[in-house]
Amino acid sequence: MQESARFSGGLPADYKFRPSDKELLGYFLYRKVSRMALPLLYDTLIRDCDLYGDLEPWQIWDFYKDDGEEEDMFFFTQLKKKSLNGSRINRKVGFGSGSWQSEDSTNKVPPGELETKLGFKKRFRYENKASQEHDGAWIMHEYSLDSSSLEPRQPNDYVLCRMIRRNVKAGKKIKNKL
């Protein structure tokens, strides 16, 4: 990662970026998948990062966090299939034995039957038995578009992740065990 990729600021001190699930899917991820540019302001709020690559969650967090800021972070990332022709996704991270494990079933966004489905939201927890400090202590929500909202044969290999919120409760449980 390059230093210039860090958050550049320029926002009012009290500004909080808290988009709804519908906005994350229907505006931000749809624009990314459709290769439409986001307004420049959002380039500093939703970054491109390989979340399923060589870096561990805390390394990504430390690199991108704004000093003293504990807000959620948002990333576009490309999915990686376990095999060329398969549909299963590889969510291993780092060089160790860490991976993002699903915590729940996939939820439709928006929920209910009356509105048109934009996509899906799924919650993941970082697991790495070799790292007591971080095992279970990181949470991520992954948003994916429903293919029916895209043009035929349009690639749909990007997801938007609300990352990597440190799960303070898990961290406290770990500290109490030590």
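Please keep in mind that the structure is a predicted model. Strand β6 covers residues 119–127 and holds K122, and R125 has its place in β6 too. A search for disulfides across the whole structure comes back with zero, and helix α3 is largely enclosed by the rest of the structure, because six of its eight residues are buried.

- K122 is a buried lysine that has no salt bridge.
- For K122, the nearest side chain of opposite charge belongs to D104, and that side chain is 5.4 Å away. A salt bridge would need the two charged groups within 4 Å, so the D104 side chain does not qualify as a partner for K122.
- The side chain of K122 does have a polar contact with the side chain of T106, at 3.3 Å.
- Setting aside neighbours within four places in sequence, K122 is in contact with S102, D104, S105 and T106, and also with M140, H141 and E142.

- R125 is partly exposed, with a relative accessible area of 24%.
- The side chains of R125 and E127 are joined by a polar contact of 2.3 Å.
- Not counting residues up to four places away in sequence, R125 touches S99, W100, Q101 and E103, along with G136, W138 and I139.
- If you are tracing D104 from here, R125 lies 21 residues from D104 in sequence, and their C-alpha atoms are 9.9 Å apart in space.

**The cysteines**

- A disulfide is a covalent bond between the sulfur atoms of two cysteines.
- C49 is buried, because its relative accessible area is 10% and the cut-off for buried is under 20%.
- C161 is buried as well, with a relative accessible area of 0%.

**Helix α3**

- Helix α3 spans residues 57–64.
- Which residues of α3 are buried? They are P57, W58, I60, W61, F63 and Y64.
- With six of eight residues buried, α3 is largely enclosed by the rest of the structure.

Methods
Residues numbered from 1 in each chain as written. Predicted model: local features only at pLDDT ≥ 70, side-chain atom pairs only at ≥ 80, totals over all residues. Heavy atoms only, no water. Helix = DSSP H or I, 4+ residues; strand = E, 2+ residues; numbered from the N terminus. Buried < 20%, exposed > 50% of the residue type's maximum accessible area, 1.4 Å probe, protein only. Lys, Arg positive; Asp, Glu negative; His and termini not counted. Polar contact = N/O pair within 3.5 Å; in protein donor to acceptor, adjacent residues only side chain to side chain. Contact = heavy atoms within 4.5 Å. Disulfide = S-S within 2.5 Å.
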